[in-house]
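Student: I am new to this kind of model and would like to learn how to read it one feature at a time. Could you take me through it slowly?

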Amino acid sequence: MNGAVALAHPNFALSKYWGKRDCAGNFPAVPSLSVTVAGFATRTSVTFDASYVGDRVIVDGDEMSGQSRARVVELLDRVRHAACDARPARVISSSDFPASSGLASSASGFAALALAAVRAAGLDWDATRVSDLARRSSASAGRSLFGGFVELEAGAPGATENDLLAARPVAPAAHIPLAILVAITSDATKAVGSSDGMRWTMNRSPFARAWLEEAPKLHTELRDALLARDFVRLGELSEASALAMHASAIAAGLIYWRGATLDSMSTVRALRDDGLKAYFTVDAGPHVKVLVRPEDIDPVQSALEATPGVLRVERGRVGEGARIVDPEEAS
Ligand code: DP6
């Protein structure tokens, strides 16, 4: 029996990945830049053992079946193929935040799974190789292998499944003082997952082409703002990327927002009118993530908590990349 336990944080994209290259292998059509968010975590143990009968995947106490299980088994198969190891696996994973709700549980989930599986199989891969493996299952997961601020380029046009594409760190956690608040607006799981939402947008949105043209420009400007430690510009461009992504999705009929999502965005803008530097971003779900300077966190949290429809507000901070942890820690 060989096993390993990994911990990974989710990441929130400041410049968004939305849309895939039209080829096999899960290559993003646009570049993205994210912040890895401590305060939320997924722990995953992977054990390979010849005595197991088939693979079992248990997530947050539930045995997975169908498509959810197949996505995990696909990653395990890649690892088994690389390690020339046919043994079945047990995967046990738990997150300390809600899954499938737009809080990037697939990012932390596949990052932790990839790292634990690679180590359990005895492969001596570096973080770049593990990031490529995670990216094949869920592109945003490729970014959670690294801490701080992380970039994932678009796949090359005409990329093939054999091509590697890994995320890479752009700046460490301490590069710019930043706190993150998450206004939770629903406890329901989202109706349309990111992969389906992207496909729907690319196939049906009259603004898909505009998004694909605009996203790389926003990304470059946002990266420059980050490297220049320009908090205000970073925040403005994060909002612009999120709004452009959602505009393209909404034009295809795909609305991830709820009333409380819009009200939280209004709260953030009202805080700005009062002189506080706060900026929002929204992923494929109804929650609003707010970027603030650490010294402004209390008034911004209070204002979000007072916003109608906000269930609670969680605090996050810029975190480290995925890592192997002590099995005792992971229980
Ligand atoms: C809105 O990485 O979940 O969070 O590659 O199909 O698994 P797949 O998609 P996923 O999409 C994330 C979309 C997003 C933006 C982002 O994280 O860049």
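Tutor: Let us begin with tryptophan 211, which lies in helix H6; helices (H or I, at least four residues) and strands (E, at least two) are DSSP runs, numbered from the N terminus. Before we go on, note that this is a predicted model, in which local features need pLDDT of at least 70 and side-chain atom pairs count only at pLDDT 80 or more, while totals for chains, interfaces and linings use all residues. Residues are numbered from 1 along each chain as its sequence is written, and side-chain values use heavy atoms, with hydrogens and water left out.

Student: Is tryptophan 211 buried or exposed?

Tutor: The general idea is a set of cut-offs: buried means under 20% relative accessible area, exposed over 50%, and partly exposed in between, with a 1.4 Å probe and protein chains only. Tryptophan 211 has a relative accessible area of 2%, and therefore it is buried.

Student: Which residues is tryptophan 211 in contact with, leaving aside its neighbours within four places in sequence?

Tutor: Contact means heavy atoms within 4.5 Å. With those neighbours left aside, tryptophan 211 is in contact with residues including Lys16, Trp18, Val30, Met202 and Ser248. Serine 248 is 37 residues from tryptophan 211 in sequence, yet the two are 6.4 Å apart in space, C-alpha to C-alpha.

Student: Where is the place of histidine 219, and what does its side chain make a polar contact with?

Tutor: Histidine 219 has its place in helix H6 (residues 208-227), and because its relative accessibility is 4%, it counts as buried. A polar contact is a pair of N or O atoms within 3.5 Å; within protein, one must be able to donate a hydrogen and the other to accept it, and residues adjacent in sequence count only if both atoms are side-chain atoms. Here the side chain of histidine 219 makes such a contact with the side chain of glutamate 151, at 2.7 Å. Not counting residues up to four places away in sequence, histidine 219 touches Ser15, Pro31, Ser32, Leu33 and Glu151.

Student: How many salt bridges does the structure hold, and how should I read one?

Tutor: Side chains of opposite charge can pair when their charged atoms come close. A salt bridge is a side-chain nitrogen of Lys or Arg within 4 Å of a carboxyl oxygen of Asp or Glu, and the structure holds 20 of them. In one of these, the side chains of aspartate 55 and arginine 80 meet at 2.8 Å, N to O. Aspartate 55 lies in the loop between strand S4 (42-48) and strand S5 (56-59), and arginine 80 lies in helix H1 (residues 66-83), so the pair ties together parts that are 25 residues apart in sequence. Aspartate 55 counts as buried because its relative accessibility is 12%, and arginine 80 is buried too, with a relative accessible area of 9%.

Student: Which residue forms a salt bridge with arginine 78?

Tutor: Arginine 78 is paired with glutamate 74, the closest N and O atoms being 3.5 Å apart. Both residues lie in helix H1, 4 residues apart, which is about one turn of the helix. Arginine 78 counts as partly exposed at 25% relative accessibility, and glutamate 74 counts as partly exposed at 42%.

Student: Which residues are linked in a network of salt bridges?

Tutor: Glu151, Glu153, Arg168 and Arg223 are linked in this way.

Student: Which residues are the closest to the ligand?

Tutor: A residue is near a molecule or strand if one of its heavy atoms lies within 4 Å of it. In this model 19 residues surround the ligand, and the closest are Tyr17, Lys20, Ser140, Arg143 and Ser195. The residues of this shell divide into 7 nonpolar, 7 polar and 5 charged, where Ala, Val, Leu, Ile, Met, Phe, Trp, Tyr, Cys and Pro count as nonpolar, Asp, Glu, Lys and Arg as charged, and the others, Gly among them, as polar. An oxygen atom of the ligand is 2.7 Å from an N or O atom in the side chain of arginine 143.
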